[in-house]
Amino acid sequence: MPPLLGSTPPDSYPQILRSILPPLGCFLVSRGVPQRLHFVRNKALTIDFDGRPIRAFEGESIAAALHVAGQPVWGRSLKYHRPRGLFCMDGHCSGCLVRIDGVPNLRACMQPCRDGSRVESQNSFPSVETDLMAAVDFLFAKGMNHHTLMTGSSLLNKATQRVVRHLSGLGELPNSIADTVEKSTMLACDVLVIGGGPAGLQAAIAASRPDSKIVLVDEGLALGGSLRTDPRYGTDFVRDLLDQARSCGVTLLSQTTAIAHFCENDDPVDPEQTIVTDSKRLTRIVAKATVHATGSYAQNIAFENNDRPGVIAMRAAGRLLLDYQIRPAQSICLVGHSDASDALRTTLIDVGCDVYQVDPTKERIVASKGHSSVSAAIVQDIDSELQREIPCQLIVIATTPSPASELARQQGAATYFSADGGGFAVQADARGHSTVRGVFACGDVCGYVGPKRAMQAGQHAGRSAADYAEGQ
Amino acid sequence: MMTSKTMLCRCEDVSVSDVHKAWEAGYCTIEEIKRYTGFGTGTCQGKECLALIASTLVQLGTPADAVQAFTTRSPLAPTPLKFFAADRRDDDK
């Protein structure tokens with residue numbers, strides 16, 4: 001492993017590394033966990049986590065700052081009060097809910113750091129590390145079957161319910177009444193593209209025609225979706241795509257989430273609309289054609305204590321590394337095998353991580369070990385069934401992501417269960433037509449295909465959607 | 001410290017053994033298992049667990065083409081209620 005020493009990254013480094021390591025200020029990376037890769041950063045700021053000051057930089061999410069500060073536990077789970085923290089780093093798993101400046105249940109990975117922000121862990125007493133309520137986990141070591149928890153006495157039932165309601169639930173009410181919100185707005189366009197990853201960006205570019213209005217909405221803190229987590233592409237690649245989209249006149253709405261699709265009042269005059277929200281308001285979008293390029297959700301796999309903080313998705317490791325330039329940990333156990341995981345493994349090794357790859361043809365992971373965060377992975381040899389311990393600080397899961405088909409399903413598009421595609425995939429033909437007229441789908445939402453094929457599918461679906469919109 | 005559990009749904013703490021128990025109790029479709037165990041009803045609304053539970057059903061013997069996703073409910077992502085309060089239209093009284 002070459003030390004990252006010197007003023008410029010050597011030419012032998014992959015392009016992606018040379019782009020993330022700055023020309024000057026490339027320092028010797030000490031062997032610590034986890035760590036920011038260089039010091040040429042945005043403005044430094046301080047956030048507060050449960051009374052402890054944490055150094056962060058402008059542009060980092062709360063999740064990235066807490067992770068690099070070595071704070072693995074951010075909250076406790078609903079039922080057994082098991083520790084919760086970072087998993088997908090993509091706003092989907094909801095494992096990272098925290099209270100920020102008096103507002104409960106915010107996803108730490110979707111909230112940018114602001115100087116002086118007060119971040120609090122949730123669902124624990126007296127502290128998130130030592131939560132007395134975690135006793136439930138031990139009292140119900142074999143699991144709690146709530147169907148058999150009823151008592152015979154109605155009086156006792158009432159009393160129990162009061163206690164249980166007090167103990168469970170998510171967070172506490174906000175400190176103050178919500179700020180004034182802006183009234184919702186309407187937006188009309190020819191083609192609405194949902195998702196700003198590989199498929200969506202290409203679809204929006206391909207759909208643009210003179211005098212047509214193309215709107216792209218994307219939920220992430222920054223546009224680019226999975227491209228920003230994949231060392232084969234990365235942030236430079238995204239920047240070029242975004243430049244292209246802007247020069248085509250595409251309206252790019254970042255940090256804007258599509259939350260629903262419906263036809264109000266069942267009135268044919270009242271058109272179907274997609275509801276999106278940003279941090280300020282709700283917008284009803286009426287589009288002649290809709291392209292679903294919502295991509296896929298990083299998934300976990302089933303093994304003992306797979307919910308322990310320190311078990312993270314491959315895309316989360318990729319995002320830490322590429323988007324935030326943070327080395328995720330010193331020693332990493334990589335579970336699963338794909339082209340994307342190979343690329344990530346190489347990049348992790350390049351920045352000085354020790355990576356143990358669990359070879360799926362020879363062994364499988366059976367458990368995570370540790371206390372409130374991972375200290376080792378237990379792997380089992382498939383033939384001999386012998387188990388051994390791989391010491392590590394992170395277990396990175398590289399399994400097939402699952403299609404994000406909810407919105408397409410709301411719009412009536414048919415889906416089917418595809419084991420190879422990672423879950424419920426939207427049925428679409430090669431040109432992106434779903435089973436509903438005017439509704440198109442491309443990329444991972446039609447079953448996981450990875451960024452390269454998603455971009456090709458995006459181009460086809462974008463053209464089909466533009467053709468359809470033109471005919472309306 | 002944590003006891004040994006294999007979680008399929010982290011929002012609602014639904015484990016593999018919960019799904020097996022539901023299966024043994026005769027709940028064999030995703031909608032039924034959702035209602036029995038509560039999986040998919042937490043903050044992620046099934047984004048993390050739906051496919052994993054569908055695969056578990058396939059492992060238990062359900063044919064893949066018979067596995068149906070549950071109905072999706074809006075909002076699809078955590079949304080502050082204040083936005084809906086501000087969504088009064090002019091003709092609303």
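This is a predicted model: local features need pLDDT of at least 70, side-chain atom pairs count only at pLDDT 80 or more; totals for chains, interfaces and linings use all residues.
Let's start with the whole interface. On the chain A side, 66 residues are in contact with 49 residues of chain B. Together the two chains bury about 4900 Å², and 55% of that sits on carbon and sulfur atoms. If you want to know where chain A puts its area, look at A:Ile259, A:Phe417 and A:Phe424: they supply 13% of what chain A buries against chain B, more than any other three residues.

Now for the polar side of things. Between chain A and chain B there are 19 residue pairs in polar contact, counting pairs with both residues at pLDDT 80 or more. The side of chain A that touches chain B draws two or more residues from each of several elements, including α3 (135–139), β12 (257–263) and β14 (282–292). Sorted by class, that side has 23 nonpolar, 22 polar and 21 charged residues. The salt bridge count between the chains is two. In one salt bridge, the side chains of A:Asp137 and B:Lys5 meet at 2.5 Å, N to O.

Finally, zoom in on B:Thr37, which belongs to helix α2 (residues 30–37) of chain B. B:Thr37 counts as buried because its relative accessibility is 9%, under the 20% cut-off. A polar atom of its side chain lies 2.8 Å from the backbone oxygen of B:Ile33, and the side chain of B:Thr37 also reaches the backbone nitrogen of B:Phe39 at 3.2 Å. Setting aside neighbours within four places in sequence, B:Thr37 touches B:Val14, B:Asp18 and B:Ala22, plus A:His146 across in chain A.

Key:
Residues are numbered from 1 along each chain as its sequence is written. Chains are lettered from A and ligands numbered from 1 in the order in which they are written. Side-chain values use heavy atoms; hydrogens and water are left out. Helices (H or I, at least four residues) and strands (E, at least two) are DSSP runs, numbered from the N terminus. Buried means under 20% relative accessible area, exposed over 50%, partly exposed in between (1.4 Å probe, protein chains only). A polar contact is a pair of N or O atoms within 3.5 Å; within protein, one must be able to donate a hydrogen and the other to accept it, and residues adjacent in sequence count only if both atoms are side-chain atoms. Contact means heavy atoms within 4.5 Å. Buried area is the accessible area (1.4 Å probe) that two parts lose on being put together, summed over both. A salt bridge is a side-chain nitrogen of Lys or Arg within 4 Å of a carboxyl oxygen of Asp or Glu. Ala, Val, Leu, Ile, Met, Phe, Trp, Tyr, Cys and Pro count as nonpolar, Asp, Glu, Lys and Arg as charged, and the others, Gly among them, as polar.
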